[in-house]
Amino acid sequence: MEVYYNPVVCRLNQERRRRKTGLYIHYPFCQTKCSYCHFVSSGYEPESHRRWLSAAQDEIRRAAGLFSEHLLIDTVYFGGGTPSLLGPDEVGSLLASVRQNFEAELREVTLEVNPVADPERIKGWLQAGVSRLSFGVQSFDPAVLEVLGRFYLPEKVARLLEEARRVGTDNISLDLMAGVPGESARTMEINLKNLLELKPNHVSVYLLEELETVPFRTIWEKAPVSEEVAARAYEDYRLRLEAAGWLQYEIANFSQPGYQCRHNLKYWRYQPFLGIGPSASSHLANFRWTNPVSMDAWLTAIASGKQSFSEFMELKPEEELRECLAFGLRLREGVLLSELKLHFPGLDFSAFETRSKQLAADGLLQVDNGRVRIRTEKFLISNSIIGELLY
Ligand code: SF4
């Protein structure tokens with residue numbers, strides 16, 4: 001699909017204010033492809049890596065040419081794929097491009113790191129400008145790691161965290177998975193014991209999902225985990241992480257005070273973000289778009305200088321409001337109706353208010369002082385609550 005950014009620029013011109021914006025950089029390679037993974041990534045090889053790096057620099061310059069006078073970049077998130085395959089000098093050169101081409105006051109720069117990474121690289125990444133490290137641990141239970149096809153010892157993760165702290169950051173997140181075949185009552189104990197020892201400031205807990213299209217499906221079919229068991233595991237994490245001092249601020253995310261992920265909060269708070277790299281999405285003003293998904297299509301688009309997307313949408317105010325509510329209600333803080341009414345002055349909120357009162361009476365929502373939020377103990381059924389509220 002070929003579309004032009006011009007309507008986005010026109011809309012930004014009308015609004016005449018600089019927006020604090022998050023920049024997401026998608027690195028699409030991994031050492032090997034995990035069988036359960038549905039992210040856009042393929043096997044690493046040096047020539048593709050080099051081409052990606054050069055095209056990502058071009059895309060940063062091109063995006064800045066269009067939008068820089070309207071944006072202030074305050075967070076950067078290197079996701080993937082396995083962006084820890086980028087060397088410190090490469091991370092540094094990408095961040096230098098961001099600073100040179102955009103107005104930037106970087107308050108948070110996250111790098112996703114695979115636990116097999118070399119701890120020696122951490123110092124270089126921090127010196128290059130990274131301030132937050134997110135480790136995709138998935139589990140500390142060897143039985144679960146084996147099912148997932150991942151092989152590293154908890155001591156390796158401990159060594160990475162120790163090095164990160166030694167060279168200057170304690171802004172550290174660990175990702176875990178729940179509802180994986182091979183999980184047992186011991187898994188929770190092993191994971192919790194390691195979390196308590198390692199004390200990361202931030203923990204994410206994801207349920208395995210979207211298995212229809214990935215090879216892991218055959219493993220899953222031999223030993224499927226029922227929704228009920230996965231739900232129990234999630235609820236167990238929720239309660240025990242909170243009891244241990246990690247406050248749940250979003251359905252899948254827990255942090256110690258002051259360590260919420262600023263970049264990811266932008267998605268849930270419906271704030272602007274710009275995506276660089278294949279499959280990366282952007283949201284500016286009332287427009288949303290996604291870059292070409294395949295590496296080749298993305299490279300061709302960058303080389304041609306044409307703007308090409310896999311999806312491009314101009315949202316009507318009603319659609320924006322729906323999205324804003326659907327994302328905002330994932331947060332413990334929920335949404336503030338008075339703010340929404342100011343932001344969407346022409347819209348009628350009466351149906352939403354009636355339904356939210358009904359769901360509050362049913363014990364699913366809390367409504368106080370104009371703030372609407374899903375009860376944390378009901379987060380697991382948040383999709384159906386949001387569905388009832390909005391549709
Ligand atoms: S390392 Fe992460 S992004 Fe790469 S294939 Fe595995 S799960 Fe997917």
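Biologist: What makes up the domain assignment of the protein?

Modeller: The assignment gives domain 1 (6-267) and domain 2 (334-391); such bounds come from an automatic or database domain assignment. This is a predicted model, where local features need pLDDT of at least 70, side-chain atom pairs count only at pLDDT 80 or more, and totals for chains, interfaces and linings use all residues. Residues are numbered from 1 along each chain as its sequence is written.

Biologist: How many residues does the contact take from domain 1 and from domain 2?

Modeller: Five residues come from domain 1 and four residues from domain 2. Two residues are in contact if their C-beta atoms, placed from the backbone, lie within 7 Å.

Biologist: What makes Met 295, Trp 298 and Ile 302 of helix α11 buried or exposed?

Modeller: A residue is buried if 20 or more other C-beta atoms lie within 10 Å of its own, exposed if 12 or fewer, and partly exposed in between, with C-beta atoms placed from the backbone. In helix α11 (residues 295-304), those three residues are buried. Helices (H or I, at least four residues) and strands (E, at least two) are DSSP runs, numbered from the N terminus.

Biologist: Why do the buried residues of α11 line one face of the helix?

Modeller: Seen down the axis, they fall within an arc of 70 degrees, so they line one face. The arc is that of the directions from the helix axis to the C-beta atoms. The face turned away from the buried side carries the exposed residues Asp 296, Ala 303 and Ser 304.

Biologist: What covers the buried residues of α11?

Modeller: The cover includes α2 (46-67).
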